[in-house]
Amino acid sequence: MSATMSSRSLSLYPFLLVLFIGTACSSMIGPFMAYYIVEGLGRAPWTISLYAGGVTVLGIICTRTFGRWLDAGIAPFPLIGVALAGYLLATTALSISPSFWVVLSFGVLGFGLSSSAISTMFSLGAVIAERGKITRGRSNAFLRATTSTAWMIGPAVAFLFAERFGEGAVFKLAFALACCWALMWWIIIPRDMTFRPKSGSVHAHSSNKPVGLWLAAAFVFCLSSAHSLTFSALPLFYVREVGLPGYAPGTAFSMKTFVEVLAIFTTPMIISRFGLKWPLVAVAVLATVTILLLSCVQTYPQMLAGAALEGLYYGLYASIGISFVQSFSGDRPAQTTALYWNVLSVSGILAGPATGLIAQAYDFRAVIRVASVVAAFAALLLFSKHLR
């Protein structure tokens with residue numbers, strides 16, 4: 001037996017450990033960097049866009065390129081290694097010299113490279129599941145639940161460390177966790193596994209795949225934008241405009257993610273019984289109504305009920321949405337998965353400035369109501385004849 005697991009013996013469950021640690025690394029840094037730039041380094045809020053723009057552009061380029069290489073037969077092992085090396089580079093540099101210029105150089109380069117890891121690991125997880133006779137819907141549920149759980153833990157740990165030990169300690173902790181990630185990558189991920197498309201595996205929609213794929217991506221962009229707008233506006237809406245206590249947004253986030261993980265595990269049964277399109281129509285309608293209800297919250301119990309509904313629609317969307325996009329992949333599954341994650345990244349980045357502009361002109365309640373309209377538009381997209 002070789003030092004690493006062979007592609008034949010690797011099951012989905014050890015791989016999920018690698019995915020969990022890698023996502024925890026990403027989730028610790030993602031939300032924390034904006035806080036670090038403003039509070040830790042004393043920079044103006046607009047400078048966040050310099051860092052976020054650089055990381056997003058580099059991440060999109062890497063994710064797209066790596067997806068193309070994976071479909072061409074390149075093994076995912078070295079590509080995950082490149083992402084890991086970027087993360088280790090950035091956290092090492094910021095641990096040694098925490099400054100704004102290090103953030104814009106080593107931080108952008110390292111975290112930009114590392115942002116490709118989740119897409120690559122999702123593509124690898126789909127192949128591992130397929131070879132283990134696990135259906136796509138079930139494997140996507142496991143993968144999404146793993147990432148959601150990591151996101152439930154990572155940001156909380158980062159801000160707790162920042163409060164207890166200072167902002168710089170977060171990068172040292174992230175470096176230590178990345179070393180664990182590297183060890184798991186080295187031991188668990190097979191070096192020889194490549195993505196070999198099965199003969200005859202091209203989806204029946206392949207004839208209209210270009211139009212169908214881009215419409216599916218547009219749906220994901222709209223519903224993800226609606227979620228990102230809501231995510232950005234709700235904390236300030238609850239505290240400033242509703243008058244809830246400062247700890248309320250954190251409690252709402254915990255409720256949302258808890259219900260989200262539970263909802264994700266119901267999606268394989270939903271997909272097997274109803275398919276992909278009509279459950280997504282129902283999810284988009286639920287999102288529209290839920291976001292509108294969130295804009296009407298006035299009390300703490302109402303906030304918790306709204307957070308539970310938000311977790312329900314987003315958990316269903318997170319798992320069924322990626323399966324829907326992948327159904328148009330044809331013989332390019334890795335590139336399609338990369339497109340999905342790039343759309344999520346772009347929608348998240350654009351939501352920040354949009355939230356600020358709308359709130360400046362009106363208020364944060366208006367941001368949430370706009371998000372409800374965007375979710376309704378996402379539902380309408382699903383009625384296109386190209387998304388049968």
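Mentor: Lys-133 is exposed, with a relative accessible area of 76% (exposed means over 50%, buried under 20% and partly exposed in between, for a 1.4 Å probe and protein chains only). The model is predicted, so local features need pLDDT of at least 70 and side-chain atom pairs count only at pLDDT 80 or more, while totals for chains, interfaces and linings use all residues. Residues are numbered from 1 along each chain as its sequence is written, and side-chain values use heavy atoms, with hydrogens and water left out.

Lys-133 belongs to the loop that runs between helix 5 and helix 6 (136–165); helices are DSSP runs of H or I with at least four residues, numbered from the N terminus. The phi angle of Lys-133 is near 65°, a positive value in a residue other than glycine. A positive phi is also found at Gly-166, which follows helix 6 and has a phi near 100°.

Axes here are lines fitted to C-alpha atoms over the stretch in contact, and angles run from 0 to 180 degrees between N-to-C directions. Helix 5 contributes Ile-118, Ser-119, Phe-122 and Ser-123 to the contact, and helix 13 contributes Ala-334, Thr-337, Ala-338 and Trp-341; contact means heavy atoms within 4.5 Å.

Within helix 6 lies Ser-148, which counts as buried at 6% relative accessibility. Apart from residues up to four places away in sequence, Ser-148 touches Glu-260, Val-261 and Ile-264. These three are among the buried residues of helix 9, which also include Ala-248, Pro-249 and Ala-252. Helix 9 (residues 248–264) has 17 residues and reaches 24 Å from its first C-alpha to its last, close to the 24 Å expected at 1.5 Å a residue.

Ser-228, in helix 8 (residues 209–242), is buried, with a relative accessible area of 13%. Its neighbours within four places in sequence aside, Ser-228 is in contact with Ser-347, Gly-348 and Ala-351. Ser-11, in the segment before helix 1 (12–40), is partly exposed, with a relative accessible area of 31%. Between the C-alpha atoms of Ser-11 and Ile-96 there are 38 Å, the two residues being 85 residues apart along the chain.

Helix 10 (residues 267–274) packs with helix 12 (residues 300–326) at an angle of about 55°, their axes being 10 Å apart. That angle makes helix 10 oblique to helix 12. Here Thr-267, Ile-270 and Ile-271 of helix 10 meet Gly-315, Leu-316, Ser-319, Ile-320 and Ser-323 of helix 12.

Note on methods. Helix = DSSP H or I, 4+ residues; strand = E, 2+ residues; numbered from the N terminus. Expected span 1.5 Å × (residues − 1). Parallel < 35°, antiparallel > 145°, perpendicular 65-115°, else oblique.
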